[in-house]
Amino acid sequence: MSAGTRHAGGRPVTEARTKLGENIERLANRCGKPLDIVAEESSIALPSLYRIMSGKIASPRWTTLERLASSLGVKVETLMK
């Protein structure tokens, strides 16, 4: 991890990202929302969001994806592209 790479919530952002993780990050940036806000709006613990983004949670529940997509203003299909 590069020094100083931090998310608005103060936690380090990992460099390892899945395609889903890249999409979440890209869409959050497009909306101007830090990841901690996306997590809060999605009712997901921030560490769980990081695990989804890194692939440590390989198959998030459909309802989790729906909540993430809603927070980011997209459909689940867009999130999964």
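I take contact to mean heavy atoms within 4.5 Å, and I take helices (H or I, at least four residues) and strands (E, at least two) as DSSP runs numbered from the N terminus.

**Ground rules.** I note that this is a predicted model, in which local features need pLDDT of at least 70 and side-chain atom pairs count only at pLDDT 80 or more, while totals for chains, interfaces and linings use all residues. Residues are numbered from 1 along each chain as its sequence is written, and side-chain values use heavy atoms, with hydrogens and water left out.

**The chain overall.** I looked up the secondary structure and found five helices and zero strands, in the order α-α-α-α-α from the N terminus. Of the 81 residues in the chain, 37% are buried (under 20% relative accessible area, with exposed over 50% and partly exposed in between, using a 1.4 Å probe and protein chains only). Among contacts between residues at least 6 apart in sequence, I noted that 55% join residues at least 24 apart.

**H1 against H4.** How do the axes of H1 and H4 cross? I found that the axes of helix H1 (residues 19–31) and helix H4 (residues 62–72) come within 9 Å and cross at roughly 30°, the axes being lines fitted to C-alpha atoms over the stretch in contact, with angles from 0 to 180 degrees between N-to-C directions. H1 is therefore roughly parallel to H4, a term for angles under 35 degrees. On the H1 side I listed Leu-20, Ile-24, Leu-27, Ala-28 and Cys-31, which meet Leu-65, Leu-68 and Leu-72 of H4. By class this contact has eight nonpolar residues, no polar and no charged ones, where nonpolar covers Ala, Val, Leu, Ile, Met, Phe, Trp, Tyr, Cys and Pro, charged covers Asp, Glu, Lys and Arg, and polar covers the others, Gly among them.

**The core.** Of its 20 residues, Ile-24, Leu-35, Leu-49, Leu-68, Leu-72 and Leu-79 touch the most other members. The elements giving two or more residues are H1, H2 (35–41), H3 (46–54), H4 and H5 (76–80), and H3 gives the most, with five.

**Leu-79 and Asn-23.** Leaving aside neighbours within four places in sequence, I found Leu-79 in contact with residues including Leu-20, Asn-23, Ile-24, Leu-68 and Val-74. Is Asn-23 buried or exposed? Asn-23, placed in helix H1, counts as buried because its relative accessibility is 3%. With the neighbours within four places again left aside, Asn-23 is in contact with Thr-78, Leu-79, Met-80 and Lys-81.

Definitions and conventions:
Parallel < 35°, antiparallel > 145°, perpendicular 65-115°, else oblique. Core = buried A, V, L, I, M, F, W, Y, C linked by side-chain atoms within 4.5 Å.
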